[in-house]
Each structure stands twice: as structure tokens, then as C-alpha cells.
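The paragraphs below take each topic in turn.

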Amino acid sequence: MPELPEVETVRTALEPVVTGQQIRSVRLTRGDLRWPLPERLDEILTGQIFGMPWRRGKYILLPLSGQQTLLIHLGMSGAIRIYDNCPDSFGKHDHFSVELANNNWFVFSDPRRFGHLDLLQSGNEAAHPLLAAMGVEPLSNAFSRTYLDEVLAGRKQPIKTALLDQRLIAGLGNIYVSEALFKAGISPRRQAGNVVGKRAQRLAPAIRNVLNAAIEQGGTSLRDHVQPGGEIGYFVQSLQVYGRGGEPCNSCSAPIKVIRQGGRSGFYCPNCQH
DNA sequence: CTCCTGACCTGAGTGC
DNA sequence: TGCACTCAGGTCAGGA
């Protein structure tokens, strides 16, 4: 489910709820999600106080008073919901729930269990195996035409596949890659190393604009994504190509094409994107 | 290194 | 209704 804008939406919603709050109790229903969870995670967390949540790529990081940081990845189907009181009941896939001293709860549910929870030493985030190789944040100043030129040079894979590689750019997923390539007028099938000149010039701003617009709208709700308060994300109304196979391009009316790359569906306008 | 495939899971939708 | 099959917002491990 969640790409950078959805994760950022979750982080933003968590911030005022958890920051400075002590953990009163933790409800953990299983010892593993994608991987085994830290031993005694519930006991370790109980009593600690949350700092301000931040984000790296598609990961949410929640600093704790005890010098550790809780790392959360939502996988494909993960969602976090915030409640102002103890939920009446817990769903089958509500694997991890936290009760705060202000009586609020947040509940992490993840039907497919591709998500993950881990603990790391605060300050050593960059050394964590899941974060160590991660590329630049596309909304940071380090992300530029120059950076893209550097990491794309010589790559033979399709540009779409390269943009999905978290080691190059952190946080892009299937929706926003398709949307950004449409905005930049670049075919997803073009070799990454052949994205040069005007195309290269358009790509970084296109990525940035698409992400910022999606964050503003609370992300894209297709199936699973809801904001922690229960609101859906409205960027779904702004999608130009993703999920619109066969429908007319909003710009030229040609039918949107569906392709398969790296085992994943992609969408593009064969007339507007080259 | 780079690139590609399969694997991990559940649930929703489709077609017979 | 039921069953078989496909697909889904991610990404890691393993092999060529």
C-alpha cells in the first residue's frame, strides 16, 4: 500500500498524538511480521516516552526515551489507526497496538504481514541493515537533476524499475513512479541510462511535484490506505495514468497502456511519454 | 556491480 | 455458492 506520501501522512498524524507521551501498555499478538520481531518488544516499550516521529523513505521512526528508536514499515497492506480511547474490539490483523498515557491508542494492522517492526539504537539509524543502502530523500535538497544523472548513468534497466529501487531514491513506489514519468513525459520502458537532456531535466521536478501534491491530499486511497484518523487520501482523484488502463489520456485522449515490468503493472500514455 | 526471478502473505475480484 | 485463478500501494534473497 503505502509509498512516501502515505507514510508521510501517517507520520504527520502520529506526531501530535505520540510526541512526549509515555507508553502505558503494548498489545502484541504475534512474534513475527515479515521477520521475527525483537524479543520482548512489548516489555521494552512499556514505560518509555516517544520523541517526535520522523520518516526515512517508507519507514517511520519513533524515537524512545531509552536511547532506542522504534522502526515501522507498513509493507503492502499496513495501516495505522489512532483512537482517542481503547478500541471497542481489535481486528484479526491488528498485530501491534500501543496505549498512551493520554488514553489515546494507535493500532498497526497489516493483513499481508509484509510490514515490519524493529528496534535500533538512536543515532545509529544509518547503520541499520534496512536503512544503510537507502538512496536520497526525493524531497530533500540533495535530490536534483545532478543526482539523478549520477545514479542513472549507464543503467540498462527500464527507468521505471530504476526509480523503484530504494537504493537510488527513497520512497517511490508503483503509483508515484508511474505518475511522475507521465508528468515528465518519459516512457517507463526507456533505458534508465538514456534519460538525458530535456527528459532528465523534467524528471526531478516531476517526482517532487507529484509527491508534494499527494502529501497535500493525504495520499492515495485505492484499497487499504486510510489516514490514521480514518479519512481517505484524495490523490486518487488526481491520478493521470495509474490504474487507468484503457481509459483516455487526460491530455491527448489516447488510451492508457498497461505493461508488465519486473513483475509489476505499469501504466503510461504511449502518445505523451517517450 | 547489475539485473532478473521467485518468495513471502491475505483478501478481493473475476470467470466458469 | 463454490472453486480456481489473478492481482494488489513492497522488497529481500539468490542466482546468472
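In helix α5, the residues Asn174, Ile175, Tyr176, Val177, Ser178, Glu179, Ala180, Leu181, Phe182 and Ala184 are buried, where buried means under 20% relative accessible area, exposed means over 50%, and partly exposed lies in between, with a 1.4 Å probe and protein chains only. The helix, which spans residues 174-184, is thus mostly covered, with 10 of its 11 residues buried; helices (H or I, at least four residues) and strands (E, at least two) are DSSP runs numbered from the N terminus. The cover over the buried residues of α5 includes α1, α4 (159-164), α6 (197-216) and β10 (264-268), contact being counted when heavy atoms lie within 4.5 Å. Just after α5, Gly185 takes a positive phi of about 70°.

This is a predicted model, in which local features need pLDDT of at least 70 and side-chain atom pairs count only at pLDDT 80 or more, whereas totals for chains, interfaces and linings use all residues. Residues are numbered from 1 along each chain as its sequence is written, chains are lettered from A and ligands numbered from 1 in the order in which they are written, and side-chain values use heavy atoms, with hydrogens and water left out.

Asn174 belongs to helix α5 and has a relative accessible area of 8%, so it counts as buried. Leaving aside residues up to four places away in sequence, Asn174 touches Glu3, Lys160, Leu164, Tyr242, Arg264 and Ser265.

Seen as a whole, chain A is assigned domain 1 (4-127) and domain 2 (145-268), with bounds that come from an automatic or database domain assignment. The C-alpha centres of domain 1 and domain 2 lie 28 Å apart, and their contact takes 15 residues from domain 1 and 19 residues from domain 2. The area buried between domain 1 and domain 2 is about 1,400 Å², with carbon and sulfur atoms giving 67% of it; buried area here is the accessible area (1.4 Å probe) that two parts lose on being put together, summed over both. Pro5, Glu6 and Thr9 supply 36% of the area that domain 1 buries against domain 2, more than any other three residues.

Which elements give two or more residues to the side of domain 1 that touches domain 2? They are α1 (4-18) and β5 (79-83), and α1 provides the largest share, seven residues.

Between domain 1 and domain 2 the count is zero salt bridges, a salt bridge being a side-chain nitrogen of Lys or Arg within 4 Å of a carboxyl oxygen of Asp or Glu. By this rule the count for the model comes to 11 salt bridges. One of them joins the side chains of Glu15 and Arg11 (2.8 Å, N to O), which are four residues apart in helix α1 and so separated by about one helical turn. An α-helix has 3.6 residues a turn, so residues three or four places apart point the same way. Glu15 counts as partly exposed because its relative accessibility is 24%, while Arg11, at 13%, counts as buried. Both residues also belong to a network of salt bridges that links Glu8, Arg11, Glu15, Arg55, Arg56 and Glu137.

Another salt bridge pairs Arg167 with Asp165, the closest N and O atoms being 2.8 Å apart. Here Arg167 counts as exposed at 56% relative accessibility, whereas Asp165 is buried with a relative accessible area of 14%.
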